[in-house]
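Today I opened a new model and went looking for its charged pairs. Here are my notes, in the order I made them.

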Amino acid sequence: CWRSQDGCRAAAEERACGGKAVNEVFKKKRLARYLECFRRRRSWYIHKHQQNYKQRRIKSRMNSDEKEDCECAPPQAETSPARGPDREYEEPETENPEASRMKRAAAKHLIERYYHQLTEGCGNDSCSNSWCASSTGFHRMDNNAAAVKALELYKVNAKLCDPHPSKKGTASAYLESSTHSNSACSNSKMNHKDVHSVRDNFKDVNYLTEEKVYEILDICSEKEDYSPLIRVIGRVFSSAEGLVQSFRRSKPHTKEELKSLQGKDEDKDEDEKEAAACSTTAMEEDSPASSSSSRLGETSTGDNDVQKLAADEVSVDIEAVRRVYERLLSNEKIEAAFLNALVYLSPNVECDLTYHNVYSRDPNYLNLFVIVMENSNLHSPEYLEIALPQFCKAMSKLPLAAQAKLARLWSHYGADQIRRMVETFQQLTTYKVISNEFNSRNLVNDDDSVVAATKCLKIVYYANVLGGDLDVEHNEDEDEEPIPESSELTLQELLGEERRNKKGPRVDPLETELGIRTNDCRRPLVPFEEFVNEPLNEVLEMDKDYTFFKVEAENKFSFMTCPFILNAVTKNLGLYYDNRIRMYSERRITVLYSLVQGQQLNPYLRLKVRRDHIIDDALVRLEMIAMENPADLKKQLYVEFEGEQGVDEGGVSKEFFQLVVEEIFNPDIGMFTYDECTKLFWFNSSSFENEGQYTLIGIVLGLAIYNNCILDVHFPMVVYRKLMGKKGTFRDLADSNPVLHQSLKELLEYEGSVEDDMMITFQISQTDLFGNPLMYDLRENGDKIPVTNENRKEFVAQYADYMLNKSVEKQFKAFRRGFHMVTNESPLKYLFRPEEIELLICGSRNLDFQALEETTEYDGGYNRDSRIIKEFWETLHSFGEEQKRLFLQFTTGTDRAPVGGLGKLKMIIAKNGPDTERLPTSHTCFNVLLLPEYNSKEKLRERLLKAITYAKGFGML
């Protein structure tokens, strides 16, 4: 409807393209220009309307009687629909200016009524008008579309509904106030002025404060007419400029300011402000290049408040905003105004952040998001359809610095506030996932609402981390010697390309901006599990998502960049794809080398071992590979037991790891100590083994993760925290050494004199393998420094540091070095938290055989209703805990459940002939149980128990 010079230029450029498809950059520029034109035209209309209104007020004072007759006259709607606003302004000389003004006012009044009818309806649930929001078949539209449609309906003189008495929105309020105004004007001059005073007093309110809201609310409550407040909320909350200026914190005046204020005349000051405002408006009208976003930046850039704010502060009075919301949202008549305003506000904010870089000019622009997010009804169904998705899209466009500031601000909120915001974004994600049918062709990664909600949830996630119990000081030192690079060229280098991820896994940019890591948080405000969205995990195509993660395409979003929303099963699948692709890459490199150099290299990491000498054979071979070419550790593992016919398709490797772990953690070897109380292993600080042996153990642990094998390893959680770069502290003693932890805790809580009653010094003792005491000074001359009430915290911290870090420093560094030889380029550290890595390595300790029964498949003639299958599950459920673990070991190669529990284990039971004396057999590589059709339940139990009890070794069937 409105086209300026920029608009015409955009149309000319489009015609110059010959109607062909233009690129995305041109489309974005053209859209930005059209929005600029629309905003300038809208600002001009508002300014012109304000000038006309002021002129009418002046004339009314001079000749009130004539003016009342004009004001009370009904609006004239004879304006020809063919005569648009542009035409009226082009030919002002052809008709009387006063008549022209009245026609424009009447047209504006009718268009506004059409607009409110389209957005809010008349309030009659049985309305039959197809262009009314209250009718049954009406399809809701956003504010921009409603404005265009209202203009079209005005041109064709479409039907207008009368407001229903139950109508609570702004449309009826607007009409009722207009009706009351006309009737009052015809009855009495005083009543006419009273009614208009309520309305006119708030037309100049462009931003809100807590006091102003309460003032308007009190006036509306007295007259039982909330339409003025609804209009003010709609005007302010739909304007980015007005919302940014609203609810500012009041700053105290300095002494100099108070002295200067005393010498000023208030009336003169007000006149100067009005004159300045008029001059500013005139400048904006004369300058066609100015826009709402640029005005916002210019007026706020000079604000001194921005420079004085800390990194985690904003100029909004958050408590005032919460009090206002609490009072207004309880009124059903006002609640709809916030919803409609947000629908109109969000696209403009998205445009400002995308094209105008408004935050860099005005950091106070962040106030807008702070105020909107305080609305406790954002997660309600009314917002989920249009308002909240559009707002999330706008919020996801915030620059990195703004996201970091929001996270720092929200980190000071309580757990209830953080949980409310988490539920808001999770509600939107779940609603969009459930209401759409996502599959391999219709990816959830392409849904803008889900992606935007996830990006917003990331800000809340890091606020949750920042607001929790942080430990940013106790970090493990980096390895002094870098992990040796492969002597061979990579596939990318062979093809003349640069190698990706050469320096290891990526780091989240918001994490870098905030200067923290997820592992720094010992206890968040809200448990991490509440950020996981299970419906999203169910529809996520992980193979496609992993591709987007590795390619890092700008137009494709990967949920692996937000691992907090994924459960351990989904992340494990992503890690599996990464490991397999790296294995295939090493295999292709081997083929290229064989073609270029003519050497017959082995595409696998092949280990040939003897059962009786498994440690010697395996560790010696791994040591040679680690010294010669560490890149071979990233090839697919292939294990062969000497003298056995088993072919390794995964099952032989499982048994290999199981046997190696049993030997390594044997207390007789002395590399690890075993705690009978906690049933956990810890590094032996006085072991006779060299560091190389611990490096090889770290390699074995890394290979188990890399080849998707579960190990029967019993480490305390502090080991996995140390692998992720965090040192052990006093609280880590709670699970690794609970007796010592309790003793030190009682020392900290002791109310008497520690020095006199306990007589402890800064010298501690421990025993070696042979039971001999070893003394260690926590401080220099520690035996002469007593522990007192003042220094006992230091004593406890140094004691824990020695037990968990210094005493095993050499052993653990070697162990970590071997582990990183395999996982240094893996996204393991990026995706998983320490407790998830323990689950990844050790599997789940909870064995739910009922879930296993529900997911088991059958082959060879068996089905769920077969007699032998029913007897089999009855027999298995009757086994004890140890016998069930033996069955898992016999069938799958490990007695642990995979990540996600036994329900994620795809076991197959296949028929292996009729009744026979043969024992059941299994393919541990594929989790297949070969079960003969025994003729009795007793025979089935006897044969199965014998098979799982004496199972050892592999053979060919």
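I began with burial: of the 957 residues in the protein, 47% are buried. This is a predicted model, which I kept in mind throughout.

Next I looked up the secondary structure and found 44 helices and twelve strands. For contacts between residues at least 6 apart in sequence, I noted that 75% join residues at least 24 apart. The accessible surface came out at about 48,600 Å², with 49% of that belonging to carbon and sulfur atoms.

Then I turned to the charges. How many salt bridges does the structure hold? I got 38.

I picked out glutamate 374 and arginine 322, whose side chains form a salt bridge at 2.9 Å, N to O. Glutamate 374 sits in the loop between helix H19 and helix H20, while arginine 322 is in helix H16, 52 residues apart. Glutamate 374 is buried at 6% relative accessible area, and arginine 322 is partly exposed at 22%.

My next pair was arginine 731 and aspartate 469, in a salt bridge at 2.7 Å, N to O. Arginine 731 lies in the loop between helix H33 and helix H34 and aspartate 469 in strand S1, so this pair ties together parts 262 residues apart in sequence. Both count as partly exposed, arginine 731 at 40% and aspartate 469 at 27%.

Last, I noted a network of salt bridges linking Glu529, Lys571, Arg833, Glu835 and Glu836.

Notes: Residues numbered from 1 in each chain as written. Predicted model: local features only at pLDDT ≥ 70, side-chain atom pairs only at ≥ 80, totals over all residues. Heavy atoms only, no water. Helix = DSSP H or I, 4+ residues; strand = E, 2+ residues; numbered from the N terminus. Buried < 20%, exposed > 50% of the residue type's maximum accessible area, 1.4 Å probe, protein only. Contact = heavy atoms within 4.5 Å. Areas by Shrake-Rupley, 256 points an atom, 1.4 Å probe, with all protein chains shown as cover. Salt bridge = Lys/Arg side-chain N within 4 Å of Asp/Glu carboxyl O.
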